[in-house]
Amino acid sequence: MAKFKSVYLKDICNFEKGSTGLAKAIPGKYPLVNTGAIRRTCESFQFDIKAVCIPLVSSTGHGHASLKNVHYQEGKFALGTILVALTAKDQNVLDIQFLHLYLFQFKNLILVPLMSGAANVTLSMTKIKNIEIPLPPIEKQKKIVSQFRGIEIQEKELKTELIYQQTLLKKLRQHILQEAIEGKLSTDWRQQNPNIEPARKLLARIHAERTQLIKDKKIKKGKPWFPIREEEKLFELPVGWIWCRIGETIEQLTDYHANGSYKKLKQHVNLLDNPDYAIMLRTTNFHKNSKKNYKYITKNAYEFLAKSKVFPGDVIMNKIADPGATFYVDDRGQPMSLAMNLFLLRFSKNNIDSKFAYYYLYASYDYVVSFSSGTATPTITKDAVKSLRFPLPPLSEQKAIVTKVEKLLSICNLLENQITANQTHAEMLMQSVLQEAFSQTPEQPEQESKKESLHA
């Protein structure tokens, strides 16, 4: 099966290097094509024609071959000295937009492999001239360009819609969490369970347990709690709930440095890249691909860091660098220890559902971060964390809220997966259309008709 005829670029294109030094260019009314995606301006122009503009230097440098952009430009424009313009020798033979479409879409297969150099990676005009491309008849070129532009518009519209859907989904998640921490999500549950012990009794029991722990010298007494004033209340609570300080509900609030001085920590703890006894849990381990970027410590180091061992169900919070950002600890399949610059918040399993506390802190990020201080390096302190206002529901209602939130968020996750799949499908569709367009042959329709006759 014969394909479209192949031609060398030197046979169908004129080549001319740019003449405008990018550093010395004087801004003006004409576009100045450079290596970046955004055009600059220039007071004079070099070309008044349709052209494909190819950078002659790597987009990333440092010995790495790459091209982020191959530009199409028409009309009067200036061109940087580190680019070359390709124009059609005969517009009845070559549609320059077709050439741009081909070279841009396949730049990593056609142009990048021709780049060479150690520190300064460049692309020579000679190599570009000797590139061989398939060249359909001019009518077919124009048809491919027209089809591509139509698909491009559709893809842009689809991406805009997908971004809008993602924005709505983010707002939906925030709305679910806000409804949860304000007690609106569990309104029906309270109507069905009217005789639940109120939160004030739960709080009294927490205080009694804390008093006993202080007597047993298992925890320090700490500062007295100041009652929540009416003007401090963030929103109105349902009947049966009560405002308190989150420090009243925390069983343990600790950090990495609770284990000793910098000197001792340096002597006993060494972060390892290869898997070992325990994971040194960092906030980076709660983002996408979070289980592929671990740091590890030995068993001896883990035992030395006894005051900051981390267990599933704990909550951790950034102290600095986005202070107040909060994460819920899931089971990572091996022992875990707290990294530097984090707080560990551990709640009594008998009185607080730690996931409800996490949802509250996560949903209240703007409020929590308002307690940080400092400009160059914003930081939140232990005392600030303990003083945070906390809406305390009865324990059974906490658990009911968590169950409902997880069900709703799982639906959001399914929707997000669908949106992501749609984005991937749109990208694959674009590539499929391009591959089909550039691989079609004049004989294909005839071949297809033969196949149909065979199956008739």
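**Salt bridges and pockets in a predicted model**

A salt bridge joins the side chains of Lys-142 and Asp-95, with 3.5 Å from N to O. The two residues sit in separate parts of this predicted model. Lys-142 belongs to helix H5, while Asp-95 is in the loop between strand E9 (83-88) and helix H2 (96-105). The pair therefore ties together parts that are 47 residues apart in sequence. Lys-142 has 46% relative accessibility, so this residue counts as partly exposed. Asp-95 has 11% and counts as buried, because the cut-off for buried is under 20%.

Side chains of opposite charge can pair when their charged atoms come close. The structure holds 15 salt bridges.

Take Lys-319 and Asp-255 next. Their closest N and O atoms are 3.0 Å apart, in a salt bridge. Lys-319 lies in the loop between strand E16 (315-318) and strand E17, and Asp-255 lies in strand E12, so this pair ties together parts that are 64 residues apart in sequence. Lys-319 and Asp-255 are both buried.

Arg-205 is partly exposed, at a relative accessible area of 32%. Glu-197 is partly exposed too, at 35%.

Now turn to the empty space. Rolling a probe the size of a water molecule over the atoms shows where such space is left.

The largest pocket holds about 1,300 Å³. Its lining has 29 residues, and the closest to the centre are Arg-173, Phe-286, Phe-327, Tyr-358 and Tyr-362. H11 gives the most, with six residues. By class, the lining of the largest pocket has twelve nonpolar, eight polar and nine charged residues.

The second largest pocket holds about 950 Å³. It is lined by 24 residues, of which Ile-219, Lys-220, Gln-252, Leu-253 and Lys-386 are the closest to its centre. Helix H7 (199-215), strand E12 (250-255) and helix H13 (382-386) each supply at least two lining residues. The largest share, five residues, comes from E12. E12 is also the strand that carries Asp-255, the salt-bridge partner of Lys-319. In the lining of the second largest pocket, eight residues are nonpolar, five are polar and eleven are charged.

Note on methods. Residues are numbered from 1 along each chain as its sequence is written. This is a predicted model: local features need pLDDT of at least 70, side-chain atom pairs count only at pLDDT 80 or more; totals for chains, interfaces and linings use all residues. Side-chain values use heavy atoms; hydrogens and water are left out. On a 1 Å grid over the protein atoms alone, a cavity is a set of points where a 1.4 Å probe fits but cannot get out, and a pocket is an open set with protein on both sides within 12 Å along at least five of seven lines; lining residues have an atom within 4 Å of a point. Grid points are joined across faces, edges and corners, and a volume is the space filled by probe spheres set on the points. Helices (H or I, at least four residues) and strands (E, at least two) are DSSP runs, numbered from the N terminus. Ala, Val, Leu, Ile, Met, Phe, Trp, Tyr, Cys and Pro count as nonpolar, Asp, Glu, Lys and Arg as charged, and the others, Gly among them, as polar. A salt bridge is a side-chain nitrogen of Lys or Arg within 4 Å of a carboxyl oxygen of Asp or Glu. Buried means under 20% relative accessible area, exposed over 50%, partly exposed in between (1.4 Å probe, protein chains only).
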